[in-house]
Amino acid sequence: MRTKLLSLALSVLFASGLSGQTASDQNSGLTIVHDSVLDEFSLSWWGIDDFYYFVLGTEDLVDEPWVYFPYVGKGADAVLGPPPFATNATKMFFRLEYTDDTNSELLTTDYNGAGISAWRQLDLGFNPFDWVDSSDNQIHDAWEIYHFGILGVDPAGDDDNDGLTNLEESRTGGDPNLAAVDTTAATLDLNIYAPR
Ligand SMILES: [Ca+2]
Ligand SMILES: [Ca+2]
Ligand SMILES: [Ca+2]
């Protein structure tokens with residue numbers, strides 16, 4: 001499974017004018033349209049069927065990190081794009097990236113072993129392909145934020161008392177706030193009725 005993202009295009013938005021591409025420019029690209037009535041920007045892209053596309057933005061190429069928009073879509077002949085957005089920035093830079101892993105479902109796939117899906121990581125503003133552990137507890141920061149809302153979760157803790165530590169839960173995609181059900185010990189009563 002190839003999960004490497006490839007940078008595809010860079011588009012620059014200035015308050016005084018817009019710079020974009022058109023769908024005839026190349027096989028994949030992105031463009032920005034300004035709605036002067038609503039003062040909103042619509043960013044859209046076009047691409048290759050079945051490839052998943054991601055949009056990153058930053059206001060400063062030197063001092064600010066690239067941040068993933070909480071949106072992803074498959075490329076196609078039709079133009080796709082996230083909902084319109086408003087910004088007070090005087091300039092922004094956008095980058096389009098894609099993965100050619102067309103056989104897995106982005107909404108459920110956990111590419112980086114964070115313990116939550118790529119989509120949930122995107123929704124929290126994380127790069128779903130990198131390992132991020134700023135709290136240095138061996139647990140991906142996105143997993144901590146998603147389940148606890150904070151960083152610095154105790155990896156040895158067992159908040160739901162199900163015998164699995166938070167570290168183990170994160171490695172197996174478990175829910176640290178929901179006790180695991182021991183299915184091996186479950187019994188099922190099956191009543192069979194003969195048709196009358
Ligand atoms: Ca961490
Ligand atoms: Ca637990
Ligand atoms: Ca659990």
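Where is the place of Trp66? Trp66 sits in the loop between strand 5 (52–58) and strand 6 (67–74).

This is a predicted model, in which local features need pLDDT of at least 70, side-chain atom pairs count only at pLDDT 80 or more, and totals for chains, interfaces and linings use all residues. Residues are numbered from 1 along each chain as its sequence is written, while chains are lettered from A and ligands numbered from 1 in the order in which they are written.

**View 1. Secondary structure of the protein.** Three helices and seven strands make up the assignment, taken as DSSP runs numbered from the N terminus (helices H or I, at least four residues; strands E, at least two). Along the sequence, the pattern reads β-β-β-β-β-β-β-α-α-α.

**View 2. Surroundings of Trp66.** Not counting residues up to four places away in sequence, Trp66 touches Leu56, Thr58 and Arg95, where contact requires C-beta atoms, placed from the backbone, to lie within 7 Å. Trp66 and Arg95 are 29 residues apart in sequence, and their C-alpha atoms are 8.6 Å apart.

**View 3. Confidence along the protein.** The mean pLDDT, the predictor's confidence in each residue from 0 to 100, is 78 for the protein, and 74% of the residues score at least 70. Confidence is lowest in strand 2 (residues 17–18), with a mean of 44, and highest in helix 2 (residues 141–148), at 97. Over residues 1–19 the pLDDT is below 50, although this stretch has 46 contacts in the model beyond near neighbours in sequence.

Methods. Two residues are in contact if their C-beta atoms, placed from the backbone, lie within 7 Å.
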